Amino acid sequence: MNMTATDLRTRIGSVAGQAFEVAVVGGGINGTAVARQLAHEGRSVLLVEKEDFGAGSSSRSSRIMHCGLNYLAEVLHAKGPGAKLRNLRLARRMMIERARLWRDLPGRLIARPFVIPIRAEDAVRPWAYDLAFRALRALGGYGVPIDYRRFAGQSLQDHPLRPFFSDDLVGLVSFSELVFEWPEAVCHDYARDAAALGAKVLNYVALADVTRETGGWRLSLVDMLTPGVTSSVSARHVVNMTGIASDRINARAASAGLTGFPSRTVTPNKGCHAAMRLPEPFRGMGILRRNELGHLFLAVPWRDYHIVGPTETAVVGDPPPPRAEESDVAALVAAAAENIPGAHIDHDDVLYHWGGYRPAGYSADNLRGQWLRTIYAPDDTVQDGGAWLSMAWGRLADHRITAEEVAKLIAARSGRNAYPRSTERLPPLAPRRADERDFIAGPLGPATLADVMFGRLGLGWSADLGRSEMRRVADVMAEANGTSADKLVLDYEALLRKEFGATS
């Protein structure tokens, strides 16, 4: 029998027929941050995510904050004073944001030392790093210590990492960078906070269709865990935060009468990472380097191993499932061997690997897309009072900035700006609760053991992919939800082989 949304036991049954001021589609770090910001301002918000929160691109990143160093480098290459000034402003903005997230996400960001090896043939000379980090401090780098130091001469020869780099090394730069303690945790925290602020928050619920109606939009929703269960809601405004799926969602709105949007806004760009064991002197120490083509090499310290990557691969056509192929793993091993020759990295040092997609902005001139955060909100999408917003290239580092900009755009298009909390600063997140059952049971409970292990508890991101903990957590999940612990474990093992290249 085809169930209907009147069955309130389903995830979507509780919102059947309701009207919202804003519907946010997509529960990654940008979507959950937007929903939290709008709910904080007092708006009526619905947030839907077709999987679990943070399960898409947010979970597949390199996990570092990225201070404003990249923007300072672009100042040298930018043409014209306007472009140079713009990159300086971006560098300042990132340093200020770095300090704000450090304050507002207690325990979710960890300060780690990183080194940049400087070779004799590098275009950036050692003294340029001195100037760059002085500039970063001056631009706003006092909120979080950046701990800059450059090693040269005898201090370089005495450095414990010196033997692992090439013979033409002329310097090492050391500085402090912030690393996200598994980004999915932030997504879940934001989603729960949004719900506490009054938003309706639903995971495993997908947008099936959209139609135009007077004063806004009607959204058809489908429950991904209960076949045949559908529902519909209305929303004055829609914020599309679905990453690489954005154009498909926008196309549905275009079929319903949306105008003013380009047909292409996002270009999927594949990036793969590998978990590797580096020599003991690298424990807790990261590596950052750009080659002559501008490609980034990262070895991010993560617990007792390193995350090495990313690859950068253009995707033509519909992207396949985001997995690291053998060629991707070989490229990561080769990059590690080139950048850390003294470590003698080979395929045996790889613990596991994974792939993901960056939602780069669409560019007709670049197959890899445009790496520029862009919010699409043309004024002519405001028809009968209902606006439609979408975004490309939403990074972890920018998510709070994105949330505030979207909130301002919604305010400008709604005609109602005076909300009780609209001028109040969002308080820092409360410390994460220690009770595992709180992340397993309840209306936002997980569908799979993988959702718990990776997204909710972070245990899957250990060197053994959480296998030492999976039976214990499966027992807790089975007791809470009445499922089979044995099946949960079997499904989890299958996912590890399929998505992470794990062996039995």
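**D104**

The model is predicted, so I kept to its limits: local features need pLDDT of at least 70, side-chain atom pairs count only at pLDDT 80 or more, and totals for chains, interfaces and linings use all residues. Residues are numbered from 1 along each chain as its sequence is written, and side-chain values use heavy atoms, with hydrogens and water left out.

I read a relative accessible area of 1% for D104, so the residue is buried (buried is under 20%, exposed over 50%, partly exposed in between, with a 1.4 Å probe and protein chains only). Its side chain is joined to that of R425 by a polar contact of 3.4 Å. For polar contacts I took pairs of N or O atoms within 3.5 Å; within protein, one must be able to donate a hydrogen and the other to accept it, and residues adjacent in sequence count only if both atoms are side-chain atoms. Leaving out residues up to four places away in sequence, D104 touches R400, R425, L426, P428 and L429 (contact means heavy atoms within 4.5 Å).

**α2 against α3**

I stayed with α3 and looked at its packing with helix α2, residues 69-77: the angle is about 170° and the axes are 8 Å apart. Axes are lines fitted to C-alpha atoms, for helices over the stretch in contact, and angles run from 0 to 180 degrees between N-to-C directions. The two helices are therefore roughly antiparallel (over 145 degrees; under 35 is roughly parallel, 65 to 115 roughly perpendicular, the rest oblique). From α2, I noted Y71, L72, E74, V75 and L76 meeting K84, N87, L88, L90, A91 and M94 of α3. That contact divides into eight nonpolar, one polar and two charged residues. Ala, Val, Leu, Ile, Met, Phe, Trp, Tyr, Cys and Pro count as nonpolar, Asp, Glu, Lys and Arg as charged, and the others, Gly among them, as polar.

**α1 against α6**

Next I checked helix α1 (residues 29-40) and helix α6 (residues 183-196), whose axes come within 8 Å and cross at roughly 25°. This makes α1 roughly parallel to α6. On the α1 side I listed I29, T32, A33, A35, R36 and A39, which meet V186, C187, Y190, A191, D193 and A194 in α6. I sorted the residues of this contact into nine nonpolar, one polar and two charged.

**T311**

I then went to T311, in the loop between β13 (305-309) and β14 (313-314). Is T311 buried or exposed? At 10% relative accessibility, it counts as buried. Its side chain reaches the backbone nitrogen of C272 at 2.8 Å. I found T311 touching K270, G271, C272, D328, A331, L332 and R358, with residues up to four places away in sequence not counted.

**R218**

Last, I looked up R218 in strand β8, residues 216-223. R218 counts as partly exposed, at 27% relative accessibility. Which side chains make polar contacts with that of R218? I found E213 at 3.1 Å and S232 at 3.2 Å. Neighbours within four places in sequence aside, R218 is in contact with D209, V210, T211, E213, S232, V233 and S234. I also noted A235, 17 residues from R218 in sequence and 6.4 Å away in space, C-alpha to C-alpha.

How values were computed:
Helices (H or I, at least four residues) and strands (E, at least two) are DSSP runs, numbered from the N terminus.
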